[in-house]
Every structure is written in structure tokens, then in C-alpha cells.
Amino acid sequence: MTTIRREVLTLPAASLGPDNPLPPLRPLDEAHRIDDRDRAGLPRDMARQVDHEPLRSLLPVMVRDGYDRTRRARELDALVIENDRLRATVLPALGGRIASLRHKPSDRELLYVNPVLQPANFALNGAWFSGGIEWNIGATGHTTLSCSPVHAARVPAPDGGEMLRLWEWERLRDLPFQVDLWLPEGSDFLYVGVRVRNPHERPVPTYWWSNIAVPEERRVLAPADEAYHFGYERRLRRVPVPEYDGIDRTYPLNSTYAADYFYDVPYGRRRWIAALDEHGHGLAQTSTDVLRGRKLFVWGTGPGGRRWQEWLTEPGTAGYCEIQAGLARTQLEHVGLDPESEVSWLEAYGPLEARPDGDWHTVLRGAEERLEEALPRADVDAAYDAWRAHADTEPGERLADGSGWGALEVLRADLKLPGTPFDASTLGEEQEPWLHLLRTGTLPEGGPHEPPGPTLVGRPWRDMLETTAATPLAEYHLGIAQWHAGDRAQAVRSWERGLVGAAERWPLLRCLAAADQAGGHPERAAEQYAEAFDDLCAHRPNAADEAGGDDRWTAVAAALGREAIGALLAAGRTADARAVWERLDPATRDRGRFRLAEGELLAAEGRPEEARALFDGGFEVADLREGDESIGALWARLGDEPLPARHDFRMRPDGD
């Protein structure tokens, strides 16, 4: 019989640290934009979906950049679902990630299992980690829930056993979703039923990709003769499969640079992808036809790709690639979800044995035959029908709690979401002021010297903020909601009104500074940032007076100081940037991100030897962004020597 049990995993893990307390007002640093030259040749439906409401803001989600790279043994709560053939280990506090999928008869691990938990800046909102199977919902990129808890519970399965249900409220698009893990007795395949619901009276853009990390010493098979190639030079090109530029790209180690290959699986063809080792052993993923796309991501063998692989785990660990499945042909697209509708499908994950080498079509035909023997396509469709009859079943024993944001939205809109209850018991401190606004029409003031918390930006919340008392805090939150809606002029007016009578001006001044940056006024932005940081320093409590709140204020000072230094340097105000730097806590200045900022400051002051000494001494920017080339750019300002390997994170060919 299938069982579900709790376990505790202990592994070297870095601390996530506090979230960035400043609302993310700046546009996304989006690495997945398409070059305009490539739009004309796209199929009509793809071109339409590429332009369909791409994400332009992270709001209301906060950035997660407080993690470090100091790993120590930590305990992680895990949920294990197991039958006599497979054992799946799930991490409910980390987005519901399947950390391991082990085939018991062969004693083989089917996934790439990261031996450490090392956050890195790959999620849309920052913290993400590699390995296992992750559920990406929201918009192009790794989900904001990568390192966040989801709800989990036992649910009756179609065969009379148990399913493990995971569910949460995705905040970028305001969509509830569920992931049901089901292991029928005697099955070599883990079934995964997924449902995304739009409970609103308006259409919503939808995005989903299931990402599966597997060892990179594999051949990746998918039923396609062509693919769309996308690299960090931001060109989308149609290329043949398996060979492109005379190289068989279905072997991940044959590529030099990081790249995506989105396979163009023909209509009517079974949807599947597999990764097989040299002996023909590996993992297959298949699904009902709604989950249309299939993709291979490779890091490449270049120095940048190898450095990222080390960065995400530890030196000496084997590398990985990703095989993926999504709602659209590429991850550049968003699919419309009609009002008060839903989309659902069933995936299956399990072992596959087939010949990996040889003529492409012969290999594909053999793999498809072996997959059909192991799991007939008709059985996947039948399992989907059986699962749909249980998708609304109310959960039984609760095994983990997610956030309280879904409960708040359910209360606001009086939503009925069978199968995915967002209970009022999950409401917490972050939701408290918004619950008060919902019930009384007033937004409570925070405590003295308390940084403002997260902002809700949906239209109903914006309407409530417009009608509540115009306190400085309400104007601050209203301006953020207006900024998110694209009404930037009105947002600025709200923040300016909030300054009148504000005891602490730094939150509003910082918003005005960010608005000036976005509006192309660097000198004015620098002045606002300098004033904001001065005000923060004037009001920040002494550590002895904070009653345990020092970490919160350290995070505020670090976030505001980092932005202020960058703005002041951009405006040529080097002395003022140095003044901000000197007032940061010593522990903050020792962090890699701020060592890099110090190097830029020293270079601007005409002290290249001292900036070079920072490189010689060594530093690590824990939250270095995917595709970020700032380290290499600073190094190039300091001399003509090649960039040291430990700082080489370049993801594209030189000159692109």
C-alpha cells in the first residue's frame, strides 16, 4: 500500500536570512526577453503569447536576498510518499520541491539530488536552489515560491489509497493552484495531478513549467525534429534536432554555453521527454496533452557554466541539466486563462530503459515503444480522468502550512475553492494590517520606529487604500499600489502627500528616489536617496533598544544603503556614496555584495590598486544574479588581465 510519512532531512544548508524590506519598484532585470529581430518569423500563436502580458513587476512579492553562503548542518522537514516501487521525498517548506525520486527495485536515483541547500539568485524574487523537481508558476522564470512554504495534506486517492496534496496562492497573478502526488500500488510511475484556477471575473495570464534536474551525463530524448534555441544573447532561433552547427545538442556536455532548447513536439504526438545514461537507464516524464512544451536546459562546458555549477552546490559534485514540461512551447510565452475557469493536466515520472545512442529517429522510436510498454498513453489519460474526480476532495490530515495570503484573498472575495482550503487559521502577522483594513476600512499605524511591511497591490486593495484615512503609511502603500498599476504620476503624488507630517520620511523618500531613477532623473534620485539614508540613520534605534529587532533594521539599512550607493555613484557623487558606505554596519560591509560595491566605489575614487586588492583578497557575492556581468565589468576597469576563474560567471560568448 502507498504510505505518506514525515521525515527530517539533515544536510549542509545556508541560511535564507531576512527578505529585502524595500518594495521592488524597479523593472525586472529580465534575462528572458526576445530580440525584436526574431519576432517576425514566429508562428502566429507563439508571437501572440510572447507578447501576452509579460510580468513587469514583482509586486506584491518581496525580494529574497538575505541569504549567505555559510553552510552548516540544518534539519529540513520532509514528506515521503512511497509504494513498493518508488519513493518520493518532498520539501513542503521549499515550494513543495521533490528532492528525490528513487526507484526501489533497481536502487537507482532518478533525479539529480543536490547534496547541499545553497540559495542563489535565480528565482524571480531571488532565492532559489538547484536539484529535484520544482513547480514553476507565475511568470517566465523560477517561481517566487522556490524557497517558501506551501500547504500540504493527505487526500484520498482514486485507487482508495492516499495522495499527497500541495497547494498555495500564487501572488504575482493571484491564482490558487494544487499539485497532487499519487503513487498507485505496484506503479513504477509517480502520477502528478496539477490544477491552476482563475477565480476572478477577468482573464489572467498563466504560466507553468515543471523543471526536472537530472545528471548532465545523459542523452536527452524528446519527440521532435526541431527546437527553438534561446541563449543569454537573447536570440530565439529555430534549429534542427539533434544536430545544430554540426554538434549533437541532445548530449548536454556537447554545448559550450548555457542555452534552452524548446522542442517543437508535433500536434498529435505523445508528450514526453527522457534523459538516459550511456547504459540506457534514466528518467522519463510524460503527460496529458495540455502540458504541451518540452525543454532541455544546459549549463554548457564553458568556464561560466562550470562556475555556476560549482556555485549552486560544491566543487567536486557532478553537474546537472534540466528537462522540463510546460503549458506553452517556450518559456517566453504566457497563456490566457478565462474568468472563473481552470486548467489541469496529469504528469507521470518514472524509470525508462531504452537505447540512447544511434540514429535519432530509430532511438526515438525505440524509446517511445519502451515508454508505451511501461506506461501506455491511454493509461495516462485514464489516470487523469480518475484523478479529476478527486481533485475537489477536501484534504484530511494537514501535514504542513503555507502562507496566509490565500486565506486573506478568500476572505476578501468570499471565494469557494473546493479541495484547496485557505483557512483563516493560517493568517499571520504580515496579513494582520490588511485584515484590519478589510474589516474596518482603516489601515492601522505601525509601532514606533517600525519599518512598513509588505504592500497589497490588487485593484480591490487599491480601492480600499484610496478611501481610507490619508495617513503617511496609507499614502506610502497607496503609492506602491498605484505604481504597480502603471499610474506613476499619481504614485508620486501619493508619496509626496505622505511626506507631509511623516515622522519617518525614509520609506517615502526611497520610493520617490526610485521613481526619479525610472524617470531618467539620476541627480534628483541621488539627492532623494541621500536624504532617505540620512533620515533612516536618524531614526534607526540603537541595537540595545531594539528588543531583538536588530536583524530587521540591519536588513533595512543594507537594502537602502546598497541602492543609495549605486544611485550616488551613477550621479558622480562619490564622496556622498562613501559617506553612506561608512555608516553601514561592519558585518554588512563584509558581505560579498558590499565588497563589490566597495570595489566600484574605490574605482570611482581613482584607487584602482585598492579595488584590485579586494579581488586578490577574495569575496563571494551570494546574491549574484543569473546573467549578471557586474563583476567582470569592474575587473575590466582595473586592468587587462583575464578574469579569474572564481569570478567568471559569464553565460554567453564574448561580444554577444
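Helices (H or I, at least four residues) and strands (E, at least two) are DSSP runs, numbered from the N terminus. The structure is a predicted model, in which local features need pLDDT of at least 70 and side-chain atom pairs count only at pLDDT 80 or more, while totals for chains, interfaces and linings use all residues. Residues are numbered from 1 along each chain as its sequence is written, and side-chain values use heavy atoms, with hydrogens and water left out.

The chain contains 17 helices and 27 strands. Its radius of gyration (taken over C-alpha atoms) is 25 Å, close to the 26 Å that the globule rule (2.2 Å times the number of residues to the power 0.38) gives for 656 residues, so the chain is as compact as a globular protein of that length. The C-alpha trace spans about 70 × 65 × 50 Å along the principal axes of the chain. Of the 656 residues, 59% are buried, where buried means under 20% relative accessible area, exposed over 50%, and partly exposed in between (1.4 Å probe, protein chains only). The accessible surface of the chain, computed by the Shrake-Rupley method with a 1.4 Å probe, comes to about 25600 Å², and carbon and sulfur atoms hold 48% of this area. Contact means heavy atoms within 4.5 Å. Among contacts in the chain with a separation of 6 or more, 71% are between residues 24 or more positions apart.

Helix packing was examined for H5 (residues 405-413) and H6 (residues 432-440). These two helices pack at an angle of about 5 degrees, with their axes 11 Å apart. The axes are lines fitted to C-alpha atoms over the stretch in contact, and angles run from 0 to 180 degrees between N-to-C directions. Angles under 35 degrees count as roughly parallel, over 145 as roughly antiparallel, 65 to 115 as roughly perpendicular and the rest as oblique; H5 and H6 are therefore roughly parallel to each other. On the H5 side, Trp-405, Leu-408, Leu-411 and Arg-412 take part, and they meet Trp-434, Leu-435 and Leu-438 of H6. The residues of this contact comprise six nonpolar, no polar and one charged. In this classification Ala, Val, Leu, Ile, Met, Phe, Trp, Tyr, Cys and Pro are nonpolar, Asp, Glu, Lys and Arg are charged, and the others, Gly among them, are polar.

Backbone geometry was considered next. Most residues other than glycine have a negative phi, and most peptide bonds are trans. A cis peptide bond with omega of about 10 degrees joins Leu-59 and Pro-60. Pro-60 sits in the loop between helix H1 (44-50) and strand S2 (71-82) and is buried, at 8% relative accessible area. Leaving aside neighbours within four places in sequence, Pro-60 contacts Arg-171, Thr-455, Leu-456 and Val-457. Between the C-alpha atoms of Pro-60 and Arg-44, 16 residues apart along the chain, the separation is 32 Å. A cis bond also runs from Val-241 to Pro-242, with omega near 15 degrees; Pro-242 lies in the loop between strand S17 (236-240) and strand S18 (243-244).

Asp-174, although not a glycine, has a positive phi of about 55 degrees. It is placed in the loop between strand S10 (162-170) and strand S11 (175-182), and counts as buried at 19% relative accessibility. Glu-340 has a positive phi near 50 degrees and belongs to the loop between strand S25 (335-337) and strand S26 (341-353). At 58% relative accessibility, Glu-340 is exposed.

Further loop positions were also characterised. Arg-64 is in the loop between H1 and S2 and is buried, with a relative accessible area of 15%. Not counting residues up to four places away in sequence, Arg-64 touches Leu-16, Asp-19, Asn-125, Gly-126, Ala-127, Cys-147 and Ser-148. Gly-160, in the loop between strand S9 (151-156) and S10, is exposed at 64% relative accessibility. Gly-160 and Tyr-67 are 93 residues apart in sequence and 43 Å apart in space, C-alpha to C-alpha. Glu-397 occupies the loop between helix H4 (377-388) and strand S27 (398-400) and is partly exposed, at 40%. Outside four places in sequence, Glu-397 touches Arg-6, Ala-152, Ala-153 and Arg-154.
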